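Okay, hi everyone, thanks for coming. Have a look at the screen, and I'll walk you through this one piece by piece.

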Amino acid sequence: MIEEKTVQKEKEEDFKINLEEMNQAGLSLGHRTSKTHPKMKEYICGARNDIHIIDVEKTAQKFNEALNFIKKLISENKALFLIGTKIQVRELVKNMAEEC
């Protein structure tokens, strides 16, 4: 059990996600307190000026899980579809898809 946790921790550290950079980029700012989905409650650590503050440690953990999933897909030569639903991210999604 301890060995399994160590291996999991090593995998999470592969991507070197910086919590301070996440905060500076504004990833800790959520929606207005009146618009929050009930399933998001476990990821919210507080509120300020009617805006929820998202727990960046949990965000980084889930982001690492997503990156490990993508890494696994790539190692198995499976397809990954990148979809952006907003016009603002069209070029970003296109560039990322071409890089992959």
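Predicted model: local features only at pLDDT ≥ 70, side-chain atom pairs only at ≥ 80, totals over all residues.

Residues are numbered from 1 along each chain as its sequence is written, and side-chain values use heavy atoms, with hydrogens and water left out.

E2 covers residues 44-48 and E3 covers residues 51-54. They pair in the antiparallel sense, over four bridges; strands pair if DSSP finds at least two bridges between them. Together E2 and E3 make a hairpin with two residues between them, and Asn49 in that turn has a positive phi of about 50°.

How many of the five residues in E2 are buried? The count is zero, so E2 is hardly covered (buried means under 20% relative accessible area, exposed over 50%, partly exposed in between, with a 1.4 Å probe and protein chains only).

Now zoom out. The chain has four helices and three strands, and from the N terminus on they go α-α-β-β-β-α-α. Helices (H or I, at least four residues) and strands (E, at least two) are DSSP runs, numbered from the N terminus. Of the chain's 100 residues, 11% count as buried. The chain exposes about 8900 Å², and carbon and sulfur atoms supply 54% of that; the areas come from the Shrake-Rupley method with a 1.4 Å probe, and for residues only the protein chains shown count as cover.

Last topic: charges. A search of the whole structure turns up two salt bridges, meaning a side-chain nitrogen of Lys or Arg within 4 Å of a carboxyl oxygen of Asp or Glu.

One joins Glu65 and Lys62, with the closest N and O atoms 3.6 Å apart. Where do these two sit? They are three residues apart in helix H3 (residues 56-75), so about one helical turn separates them. Glu65 is partly exposed at 35% relative accessible area, and Lys62 is partly exposed too, at 39%.

In the other, the side chains of Lys78 and Glu76 meet at 3.3 Å, N to O. Here Lys78 is exposed, with a relative accessible area of 51%, whereas Glu76 is partly exposed at 36%.
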